[in-house]
Amino acid sequence: MDLQKEINEITGFKNLELLANQVVEGFISGLHKSPFHGFSAEFAEHKIYNQGESTKHIDWKLFAKTDKLYTKRYEEETNLRCHIIIDNSSSMHYPKIKQFGINSLNKIGFTALASAAIMNLLKRQRDAVGMSIYSNEYEFYANEKGSERHHQMLLGKLNEAIQKTAEKKTTKTYSHLHLIAEKLKRRSLVFLFTDMFQSDAEEEALFEALQHLKYNKHEVILFHTFDKEKEQNFNFSNRPKRFVDVETGEHINLYAENIKQSYETAVANYFSELKLKCGQYRIKYVAADINESFNKILTTYLVERQKFGG
């Protein structure tokens, strides 16, 4: 038995589905305090029978109890198509974590649990979900389906993404987004989870690719995934540290305090430019700090779902 291998092995989530369910249940129970009061009533296995519909799916047992006509809903009855796109480059595996849990997450762990929670909501509403995962290569694609088997397969892929720590994997997000835009034939709600780490030259190409998705009538939501404590506020102890670019291997030795102020200013400017640019391209920008709860992510889903259906 290789002990070192055992120590370094990343085990992912013990039960991603259970955790996602906990996140969603907690979220739903808090909805009565929000503008979505009553939304949880939509989470049902039944829908009200409308006159003129076929009677073959009426739930007669429920009619005996409630004196109201409901029809059973089936998995193939999907109202919405949603495609989740996940950046799995090396920078998304920051900070390094061995055992994932609801209070122990890095960027890729946060993304996986947020995606699983969105999938949980979609499943409850009989909506179809597809997924793309990319790093320096297009790692995985699945088109939109609503079956339980498909749901379980996607959960497995999310856990797989966490466990594969990508070493020095740069990414050209824009090239993968163009491919995804070509694959998505039917209008979908598109969620992109990425930390937006790319060069200035690539940023222009990225927004062109996002525009490609918009051109195809998809609604695009960018979940800008970052660790606010470290990556925005630069909160490190003031001892000499080596900062390594996980995607290129380049490094710099410095005292955090010496550059903290200029770093914070540069990052704040970058974030506000990003937000502005998303506004110009009519892409919904959501700052997704991995230290916060998932409520912002799930509320965004509800808002966008209502708009999308409207």
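Helices (H or I, at least four residues) and strands (E, at least two) are DSSP runs, numbered from the N terminus. By that count the protein has 10 helices and 10 strands. The model is predicted: local features need pLDDT of at least 70, side-chain atom pairs count only at pLDDT 80 or more, and totals for chains, interfaces and linings use all residues. Residues are numbered from 1 along each chain as its sequence is written, and side-chain values use heavy atoms, with hydrogens and water left out.

**Whole protein**
- Of the 310 residues, 46% are buried (under 20% relative accessible area, with a 1.4 Å probe and protein chains only).
- The exposed surface comes to about 16,400 Å² (Shrake-Rupley method, 1.4 Å probe).
- Carbon and sulfur atoms supply 51% of that area.
- Take the contacts (heavy atoms within 4.5 Å) between residues at least 6 apart in sequence: 76% of them join residues at least 24 apart.

**Strand E4**
- E4 spans residues 128–134, and seven of its seven residues are buried.
- One side carries Ala128, Gly130, Ser132 and Tyr134, all buried.

**Neighbours of E4**
- Strand E3 (residues 81–87) runs parallel to E4, joined by seven bridges; two strands pair if DSSP finds at least two bridges between them.
- Ile85 has Ser132 of E4 as its bridge partner.
- Between E3 and E4 the chain passes through H4, and this β-α-β crossover is right-handed: with the strands pointing away from the viewer, the path from the first strand over the helix to the second runs clockwise.
- On E5 (residues 138–145), the pairing with E4 is antiparallel, over five bridges.
- Ser132 stands opposite Tyr141 there.
- Three residues separate E4 from E5 in a hairpin.

**Helix H4**
- H4 covers residues 107–124.
- Its 18 residues reach 26 Å from first C-alpha to last, close to the 26 Å expected (1.5 Å times one less than the number of residues).
- Asn106 caps the N-terminal end of H4, with a side-chain oxygen 3.4 Å from the backbone nitrogen of Ile108.
- Just after H4, Arg126 adopts a positive phi of about 60°.

Definitions and conventions
Buried means under 20% relative accessible area, exposed over 50%, partly exposed in between (1.4 Å probe, protein chains only). A polar contact is a pair of N or O atoms within 3.5 Å; within protein, one must be able to donate a hydrogen and the other to accept it, and residues adjacent in sequence count only if both atoms are side-chain atoms.
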